[in-house]
Structure formats: C-alpha cells, structure tokens
Amino acid sequence: MFDKILIANRGEIALRILRAAKELGIATVAVHSTADAHAMHVKLADESVCIGPPPARDSYLNIPALLAACEITGAEALHPGYGFLSENARFAEILMDHHITFIGPKPEHIRLMGDKIAAKSTALRLGIPCVPGSPGAITSDTEALSVGRALGFPVLVKAAAGGGGRGMKVARTAQELPSALETARAEAKSAFGDDSVYLEKYLERPRHIEIQILGDGHGKAIHLGDRDCSLQRRNQKVWEESPSPALNAPQRQEIGEICAAAMRELGYAGAGTIEFLYEDSKFYFIEMNTRIQVEHPVTEMITGVDLVNEQIRIAAGSPLTLTQDEVVFNGHAIECRINAEDAATFRPSPGKIAYYHPPGGLGVRVDSAVYAGYTIPPNYDSLVGKLIVHGRNRNEALMRLRRALDEFIVDGIDTTIPLFQTLVRNPDMQNGLYDIHWLERFLELGGMDGADI
Ligand code: ADP
C-alpha cells in the first residue's frame with residue numbers, strides 16, 4: 001500500500017478522496033490554486049502545495065506543477081478525481097514515466113474509451129448492446145443518406161471527438177440530414193478541431209442508466225448495479241438514484257453481468273462506468289467513463305462498498321475486496337447535486353456563505369467541501385455539495401430526501417435546493433416516471449414559476 005498520495009483535484013471530490021486515504025492510513029497531499037488557499041481539502045490534508053493561479057489550465061491542469069508537487073512531497077501515487085486530468089491518457093503515461101502511480105485505469109483503456117467511435121466498436125466486440133448507427137465516421141453526404149434510410153429517421157449526427165453534448169444534431173427527415181451534417185461538422189470543428197461525425201438512430205424518450213464496474217486489471221471484474229441519471233438539464237445530471245425505478249432485478253442482473261464480463265475480457269483496472277440509453281426495455285451503450293463519477297455515492301449507499309478505497313487498493317496492486325456474490329444491494333439511494341445557482345433561472349451565484357447547516361440523521365450523507373464563512377470562487381464549477389439519502393425502499397428514500405432538503409440551510413448565496421424541494425413533491429418524480437427530457441420540459445412549462453417552499 002502507498003504511504004502518501006497526492007490528490008489532483010478540489011472541492012467535494014478532493015475531500016472524498018482524502019477521507020478514503022485517511023481510512024487506509026495513507027498520508028495526503030492537497031494541491032490548490034491561489035483561489036483555493038482557504039479550501040477545506042487544503043485544511044484537512046496532511047500537506048498542501050500551491051500549484052498556480054486561479055485558471056484551471058494554470059493550476060489543476062498544470063502537469064509540470066503537479067509533477068513537481070509529487071516530487072517535493074514524495075507522493076507515490078496521484079488520484080485525479082473527476083474532470084480536470086482524470087481522463088487524460090497522456091497524463092497517466094507521464095506519471096508512469098516518473099514512477100508515480102496513476103490511481104485510475106491503464107492509459108490504453110482511457111484512450112480507447114475517449115475515442116467515441118473506437119469505444120463503440122469495442123463495446124460491440126465485447127457484447128455490449130449499442131445504438132444502431134454508422135459503423136464508423138461518415139465520409140460523404142451520400143453515405144450518410146443511405147445509412148440514415150437504413151436506420152430510419154429520426155437520426156442523430158454526432159461528433160466523433162464529442163463531449164458535453166456538443167457537435168450533436170437531430171435530423172428528423174432525409175431532407176434535414178444535409179444541414180444537420182453541416183452544422184454538426186462545423187460545431188465539432190470549432191469545439192474539438194476535428195470535424196468527423198457519425199450517425200446513430202435517435203431515441204425519442206430514453207432514460208439514462210449506467211452500470212458501475214470495478215476491475216483488478218488482471219481479468220477479475222464485478223459490477224455494483226445501476227444508477228438512473230435521467231434527470232438532466234443541458235446534458236448535466238441533476239438527480240441520480242440507484243436502483244433505477246425502470247428496471248427489475250433480472251434486467252439489472254443481466255446488463256450488470258454483460259458489463260462485468262466485458263471488463264474481464266478487457267483486463268480493465270479500477271472503477272469505471274458504462275453509460276446506456278434505455279428505451280422500450282432495451283439498453284444502448286453511449287460511452288464509458290474511465291474514472292470515479294460525481295454520482296458514485298448512490299452506489300456506495302446501497303452496496304456499502306467504498307469505491308474510492310477500492311480504486312486506491314487496485315492501483316496499489318491489491319485484489320478486489322469482494323466477489324460478485326458478495327455484492328448485496330440494500331434499499332434505495334438518491335443524490336441531488338446542489339449548485340450555487342438560482343433554482344429557477346440557473347444563474348450562477350458564487351459568493352460568501354454566511355451560514356451553513358447541513359442536514360443529518362439516519363440515512364443522510366452530505367458530500368461537500370463548503371463551510372460557513374467560505375467564499376465560493378467564480379473560477380470553477382458551481383457544485384456546493386451533494387445530498388445523498390438512503391432508505392429501505394424508494395418511498396422511504398423520497399420522504400427522507402424531502403425532510404433532509406427542508407433542513408438544509410445555505411445562506412448568503414442562491415442554491416438549487418428549492419428546485420429539489422419542488423421535484424421531490426412532483427407526482428412524476430415520485431412515481432419514477434421521467435426520461436432524459438423530463439426536466440427541461442418541466443422547466444419550459446414553468447414548473448418552477450412561483451415555486452415558494
Ligand atoms: P457527449 O460525450 O457529448 O456527452 P454522449 O454520447 O454521451 O455525448 O451523449 C450525450 C447525451 O445526448 C446523452 O446523455 C443523451 O442525452 C443524448 N444522446 C446521445 N445519443 C443519443 C441517441 N442516439 N438518441 C437520443 N439521445 C442521445
């Protein structure tokens with residue numbers, strides 16, 4: 001096991017990693033930008049190193065500064081968290097060259113899953129169900145048209161180098177296809193410097209369901225069930241839960257086993273998430289994330305498995321702590337991502353937190369790095385914290401969520417707590433009847449207008 005690790009991140013995930021490291025008896029090094037000198041992860045780490053000015057490209061993405069911080073402190077391994085350098089295969093290789101362990105998958109797997117077309121063809125080869133589409137990049141409008149006709153309209157034009165939903169256009173009919181191709185190519189070119197696009201069948205009202213997996217890098221892999229992340233705004237997940245209200249136990253078992261078997265075949269190391277769209281009882285692979293995800297706590301709450309602890313152990317060469325048979329799913333968990341934003345307009349609201357009172361009690365977990373008197377800097381994402389509740393069943397989790405939200409006080413800035421107070425009382429949400437477009441429809445129809453809780 002490592003004696004000391006460096007945490008190359010900030011905010012709640014830096015704290016989350018620090019907690020896992022402390023419980024493993026590992027010393028921690030925090031890094032921070034000048035904007036984060038007073039951040040909680042800096043206060044709680046054993047050591048800290050300032051790695052640059054506020055812009056992420058000069059600090060949290062500054063590879064030479066991170067290498068120097070490892071060197072100065074003698075950290076043997078680095079945990080990248082999520083975002084920033086977590087899915088940068090080159091960074092993982094550079095660390096290896098400097099004899100620092102990257103707490104994450106092998107660089108070749110990060111690279112493979114970072115390329116959408118390669119990821120999809122790998123998924124198909126490994127027996128993971130995919131959205132029907134063009135076998136690779138589209139080379140001409142004529143090819144696009146014949147693929148589109150074969151798939152049946154509507155189709156989705158997607159950027160091969162895509163991310164964050166950019167470079168994506170729906171063509172409802174064959175007539176719409178040329179302009180959809182042109183717009184997607186132009187967007188892809190300007191966002192990613194690569195205008196290659198491919199085609200997929202457009203699913204009208206899917207849910208987003210993902211499978212958490214853990215692999216030891218030597219051919220052992222298990223799954224830890226599913227998460228339903230269908231509640232999204234602008235492709236950003238807002239509310240996540242496990243298990244999905246849309247699946248039954250045999251469906252969950254089947255897709256989980258398909259994913260675990262695929263990861264065994266790949267020799268995947270560490271934590272990963274295989275994301276699917278789910279419609280009419282069928283799963284369609286969209287991508288794999290080769291890192292810990294924001295929504296990992298809902299899985300931890302129903303399995304009792306500390307995923308970050310597992311990531312660190314696997315990186316240190318230890319075997320998985322449990323077999324598939326030992327994974328027991330218990331009850332239901334829901335996570336709300338609470339942002340420093342106006343709950344109706346989503347206008348960012350950075351600033352000083354005057355008073356902070358997180359909820360507590362049985363089955364309530366708050367993963368946050370803020371405190372009273374802390375000023376949220378405007379330079380990074382607007383996540384204030386994640387409220388996660390666990391109940392013996394979905395209904396108990398919903399009632400607990402309602403109670404915990406009503407207890408949560410964050411004064412001095414606007415937060416999205418009122419949005420969740422409205423959602424938890426909504427009949428569709430209570431019945432689990434929502435797809436990936438539900439939240440945007442709800443907001444367009446004025447669901448938050450005049451909300452006063
Ligand atoms: P990105 O990497 O840009 O986020 P994804 O492939 O993950 O791209 O897709 C982003 C989102 O776009 C998905 O979460 C889903 O909401 C929607 N989407 C992707 N593919 C399809 C599809 N074939 N049909 C309908 N919606 C899709």
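This is a predicted model: local features need pLDDT of at least 70, side-chain atom pairs count only at pLDDT 80 or more; totals for chains, interfaces and linings use all residues.
For helix α3 (residues 63–73) and helix α4 (residues 89–97), the axes come within 11 Å and cross at roughly 35 degrees. The crossing of α3 past α4 is right-handed. On the α3 side the contact is made by Ile63, Leu66 and Leu67, and on the α4 side by Phe91, Ile94 and Leu95. Sorted by class, this contact comprises six nonpolar residues, with no polar and no charged ones.

Helix α4 also deserves a look of its own. Its buried residues are Ala89, Phe91, Ala92, Ile94 and Leu95. The elements covering these buried residues include α3, β4 (77–79), β5 (101–102) and α5 (107–114). At the N-terminal end, α4 is capped by Asn88, with a side-chain oxygen of Asn88 lying 3.1 Å from the backbone nitrogen of Arg90. Beyond the helix comes His99, which has a positive phi, near 60 degrees.

Ile7 has a relative accessibility of 2%, and because buried means under 20%, Ile7 counts as buried. Setting aside neighbours within four places in sequence, Ile7 is in contact with Ala14, Ile17, Leu18, Thr28, Val29, Ala30, Val31 and His79. Ala137, in turn, lies 130 residues from Ile7 along the chain, and the C-alpha atoms of the two are separated by 37 Å.

Val308 is found in helix α11 (residues 307–315). With a relative accessible area of 0%, Val308 is buried. When residues up to four places away in sequence are not counted, Val308 touches Arg16, Ile17, Ala20, His79, Ile292, His296 and Glu300. Val308 and Arg19 are 289 residues apart along the chain, and their C-alpha atoms are separated by 9.1 Å.

The side chain of Asn289 makes a polar contact with the side chain of Glu275, at 3.0 Å. Residues up to four places away in sequence aside, Asn289 touches Glu87, Tyr268, Gly272, Thr273 and Glu275.

The last stop is the ligand. It is surrounded by 18 residues, of which the closest are Lys116, Lys158, Gly165, Lys201 and Leu203. Several distances to ligand nitrogen atoms can be given. From Glu200, a polar side-chain atom lies 3.0 Å from a nitrogen atom of the ligand. For Lys201, a backbone N or O atom is 2.9 Å from a nitrogen atom of the ligand. Leu203 likewise has a polar backbone atom 2.9 Å from a nitrogen atom of the ligand.

Key:
Residues are numbered from 1 along each chain as its sequence is written. Side-chain values use heavy atoms; hydrogens and water are left out. Axes are lines fitted to C-alpha atoms, for helices over the stretch in contact, and angles run from 0 to 180 degrees between N-to-C directions. Helices (H or I, at least four residues) and strands (E, at least two) are DSSP runs, numbered from the N terminus. A crossing is left-handed if the near helix is turned anticlockwise from the far one by less than a right angle, and right-handed if clockwise. Contact means heavy atoms within 4.5 Å. Ala, Val, Leu, Ile, Met, Phe, Trp, Tyr, Cys and Pro count as nonpolar, Asp, Glu, Lys and Arg as charged, and the others, Gly among them, as polar. Buried means under 20% relative accessible area, exposed over 50%, partly exposed in between (1.4 Å probe, protein chains only). A residue is near a molecule or strand if one of its heavy atoms lies within 4 Å of it. A polar contact is a pair of N or O atoms within 3.5 Å; within protein, one must be able to donate a hydrogen and the other to accept it, and residues adjacent in sequence count only if both atoms are side-chain atoms.
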